[in-house]
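Grab a pencil and work through these exercises one at a time. Try each task yourself before you read its solution.

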Number of protein chains: 4
Amino acid sequence: MNNLDRLITQFERFPGIGSRQAKRFAFHLLTQDQQNINELAELIRTIKDTVVECPTCFRFHSVNGGGNLCRICRNQERDASEITIVERDVDIDAIERGGVYNGLYFVLGGTIPLLESSETKHIRGGALKARIENDTTNGLKEIILAFSINPDGENTARYVEILLKDHIEDNKLKVTHLGRGLSTGSELEYADPETIKNAFKNRD
Amino acid sequence: MNNLDRLITQFERFPGIGSRQAKRFAFHLLTQDQQNINELAELIRTIKDTVVECPTCFRFHSVNGGGNLCRICRNQERDASEITIVERDVDIDAIERGGVYNGLYFVLGGTIPLLESSETKHIRGGALKARIENDTTNGLKEIILAFSINPDGENTARYVEILLKDHIEDNKLKVTHLGRGLSTGSELEYADPETIKNAFKNRD
Amino acid sequence: MNNLDRLITQFERFPGIGSRQAKRFAFHLLTQDQQNINELAELIRTIKDTVVECPTCFRFHSVNGGGNLCRICRNQERDASEITIVERDVDIDAIERGGVYNGLYFVLGGTIPLLESSETKHIRGGALKARIENDTTNGLKEIILAFSINPDGENTARYVEILLKDHIEDNKLKVTHLGRGLSTGSELEYADPETIKNAFKNRD
Amino acid sequence: MNNLDRLITQFERFPGIGSRQAKRFAFHLLTQDQQNINELAELIRTIKDTVVECPTCFRFHSVNGGGNLCRICRNQERDASEITIVERDVDIDAIERGGVYNGLYFVLGGTIPLLESSETKHIRGGALKARIENDTTNGLKEIILAFSINPDGENTARYVEILLKDHIEDNKLKVTHLGRGLSTGSELEYADPETIKNAFKNRD
C-alpha cells in the first residue's frame, strides 16, 4: 500500500466517512499549499497536548493556563448542588446553548446499548461513582440524567440509577430526567402517545 | 377533456397528490372489478350523509344512531372543566392515543399562517367563542391550546388568546399550552435551545 | 366498520397510500361540495365504460368514437415494422415524449420478478405471442424490448425472448434493447461499470 | 482561537464537511493513540512529496520509482490514438472500472460553470492544447469528451471544442461524446425525453 492509500485508509476511520469521501479528502489536500498542509499536520500531531480531558467532568477542553480543570468545573459561579450526566461532550454544548442550566456536568462516555448487559469499556462507571460521592460532600442535591430519548438512552439511565442506587438512597439525592413533550417543529398528528402524555402532563 | 383526464384532475386535488400519482390512481381503478369500483363510488357519493360534523366540537364522525353529537361530546364521563383546542380532526386521534386526557375538544379548522393578519375562512373563530361562553356556564375551568410547535401554530395560539381575552379574564379561566421538551427519539446534540430550556424546566 | 372506515380502507388500496394519507383523503372529501363529490363518484363509477383497453396494444384509452383501437394503433402513419414492448401504460407516455419513435406498442402488463420462474397472472404472454405472429404477416421487422434497467426488467426481457424465440428465428426478426449510457444528470464519478462500458461503446 | 478550534476550522474546509462533523473529527482524534495520530500527521505532511501530478495527464499518482509519469501514461500497451478528457481524477477511476477503454487521458481540472464565460483558474486549457498538439504527432485520431451530463458538463464540452477547433479541423481529428441512454437502475416512466431519444437511437 502506498502513502496515498494509507492516507485514504486513515480518513476512512473518521466518523461517518466512506471510501469515496476519504479519497476526496486526500485529493483536496493535494491541491492545498504546503504551508497550509503543514499547519493541519502540526495541529493534528499536537492536538492531545493542547486539548486535555477535564479530570472532573471528563470533557475535552483546550489547555488555557488555568490547569487541567475545564472552564465550567473551574467556575465558582456554577451551582454545585446539581450535576447533569450526559453521554458525550457535544451534549454539554447543546445544554449550554439552552442557557438555563447553571450546574455541573459529567461525561459518561457513551450509552449502554439495550442488548448489552455489562458496562462497555468507554463508559466511566467507576469515575462517575467516585465523582458523585465526592460532590455529595460538597453539597450535591440533584442528579439530572440527560440521555437521548431512545432505547439506548433509557437503558443507560437505568444503568446509572442502579450503579448509584445505594448512594442516592443513603444521601437522599434527587434523581431527575429531562422533561419530555413536544419539541420545536413537532406536529400533534405525528406525535407518539408517550410524547402526547408528557405534553399534557407538562402543560403550562 | 375526456373522462379519464377529468378523473385524473379530480385525484390531483387530493391532498399531497401530484399528476403522476393521480394517473396511477386512475389506472389502478381500471384494473379493479366493477363491483369494487361501484362500492368505492357509492361510499364517496354518500360520505357526507353518513359522516357528519359534530355541532359542538366540529370533528367529523359517523352517524351512529345517537344524534349528531360525536362519541366524545356525548360521553358524560368526559371532564367538562377542560377543553382542548386543536387545528384538525387528526390531532384529536393523536391526543386520544396518548390516553391521559379526559376533557372535551374543539376543532378550530386550521392554523392562522404567520403572515396573514386576518382570520381565514376555514377558522371557526365565532363558533369557538360561542362554545367557550356556553361551556363556561357548564363549569369550564381550563382551555388547553394544542397547536403545532412552529410559527403558524404559535401564531394561531396568539390569535385564540386575543379572541378569548376578555372572556378568559372576566371568568378567570386558566389557559395552558402543551408542554415542550424532548420528544421520543430526540438526541440532545441536535436539540434546539428552546427545547433544551423546556426539558430542564420540566425535568422530573 | 362504519362507512368512513370503509372509505378509508378503499383509499388504502390505492397505490402508494398508507393509512394516514387515506384518512386525509376521506377528510378532504368531507370538506368538498356535494356537487363535486357527485362528479368524482360518477367518474369513478363509469371509468371502465369510458376508458377501455385497446384490443391490440392493451393500453387504456378513452373511447373516442373511433372504435376500441387506441389513437396510436389506429394511426396509419405509424411504422408497422417496429413494435416496442413495455411494462406499463405510463412507459408509452414517456417514450412518446421522447419524440423519436414512430412504431407500434404492446403493454405486457408488468415485469417478471427475478425470483419467480413462472409467468404471473398480469403478464400477457399469450396475447403478446399472438400479436407478434399477426404483426409479422403485416411487415414486422424489429421487436424493441423497453424494460427498466434493473434485475426485474432484465428478467422480463429474458422471458419475452424465450417466449418468442422460435417465431423470431423462423421469421428472422430483429430483437433490440434500449441503448444504455449516461442519463441526463449522470456524473461519471458515480456511474457503474456497465453504464460506463455502454457510454464508451455508444459514444458519438 | 485555540488549537482545537483551529483544527475544527481546518476540517471544515474539507469537501462536504460542516461544523458539526468537523467537531466530531477532532473529538475522534482525541480518542486515538498518539502513535496513530503521529502516522496521520506525517502522511498529511508528506502527501505532496509521495503523490505527484503526472506531467502528461495531470492526474495525481504515487511516486513509484518510475519517474513522474503515471501508470497509464507510462503503459506502452495503451492506445495512443485515443484520448479521453475528464473533469477530475476520480472520473478516470470510474472509466477504468468500466474495463473497455484502453486509450489515454487528460484531467482538465474542473468544469466551466454555465454562467461563467471565461476560463477559470483551475482549468488547464493551455496544457490541454499543448498535449493534443503533441499527441497528434504521435498518432492521435480521436478526442473523447467525458463530462457530466448536466449544464456545466455540456458547457465544458463546448469550451473544449472551441479551444481545439482549429487544430481538430486542420488535423481531421474525430471528436466524440460519451453515449447517452438508460443508466443502470433507470425506469422508463421517469426517463426524460433526451434520455429516451438516445435510448432509442442507441438500441442494440
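**Exercise 1.** Which residues in H7(D) meet which residues in H8(D)?

*Solution.* Keep in mind that you're looking at a predicted model. Start on the H7(D) side: D:Gly125, D:Leu128, D:Lys129, D:Ile132 and D:Glu133 make the contact. Their partners in H8(D) are D:Leu163, D:Leu164 and D:His167. Now sort them by class: the contact of H7(D) with H8(D) has four nonpolar, two polar and two charged residues.

**Exercise 2.** Are H7(D) and H8(D) roughly parallel or roughly antiparallel to each other?

*Solution.* First find the two helices: H7 covers residues 125-136 of chain D, and H8 covers residues 151-170 of chain D. Next, look at how they pack: the angle is about 20°, and the axes are 10 Å apart. Angles under 35 degrees count as roughly parallel, so H7(D) and H8(D) are roughly parallel to each other.

**Exercise 3.** Work out how chain C is related to chain B, and describe where they touch.

*Solution.* Begin with the superposition: a rotation of 180° with 0.1 Å of shift along its axis puts chain C on chain B, with an RMSD of 0.1 Å. That's the relation of a two-fold axis. In chain C, the C-alpha nearest this axis belongs to C:Ala41, 2.2 Å from it. The same surface serves both copies, as 100% of the contact residues of chain C recur in chain B.

Then turn to the contact itself: 34 residues of chain C are in contact with 34 residues of chain B. Among the elements of chain C that give two or more residues to this side are helix H1 (3-12), helix H3 (34-45) and strand E2 (60-62). The chain C side divides into 17 nonpolar, 11 polar and six charged residues.

**Exercise 4.** Where is B:Phe58, and why does B:Phe58 count as partly exposed?

*Solution.* Locate the residue first: B:Phe58 sits in the loop between strand E1 (51-53) and strand E2 (60-62) of chain B. Its phi is near 70°, a positive value in a residue other than glycine. Now use the neighbour count: B:Phe58 counts as partly exposed because it has 19 C-beta neighbours inside 10 Å, and a buried residue needs 20 or more.

Key: Residues numbered from 1 in each chain as written. Chains lettered and ligands numbered in written order. Predicted model: local features only at pLDDT ≥ 70, side-chain atom pairs only at ≥ 80, totals over all residues. Helix = DSSP H or I, 4+ residues; strand = E, 2+ residues; numbered from the N terminus. Buried ≥ 20, exposed ≤ 12 C-beta atoms within 10 Å, placed from the backbone. Contact = placed C-beta atoms within 7 Å. Nonpolar A, V, L, I, M, F, W, Y, C, P; charged D, E, K, R; others polar. Least-squares fit on C-alpha atoms with pLDDT ≥ 70 in both. Axes fitted to C-alpha atoms, helices over the stretch in contact; angles between N-to-C directions. Parallel < 35°, antiparallel > 145°, perpendicular 65-115°, else oblique.
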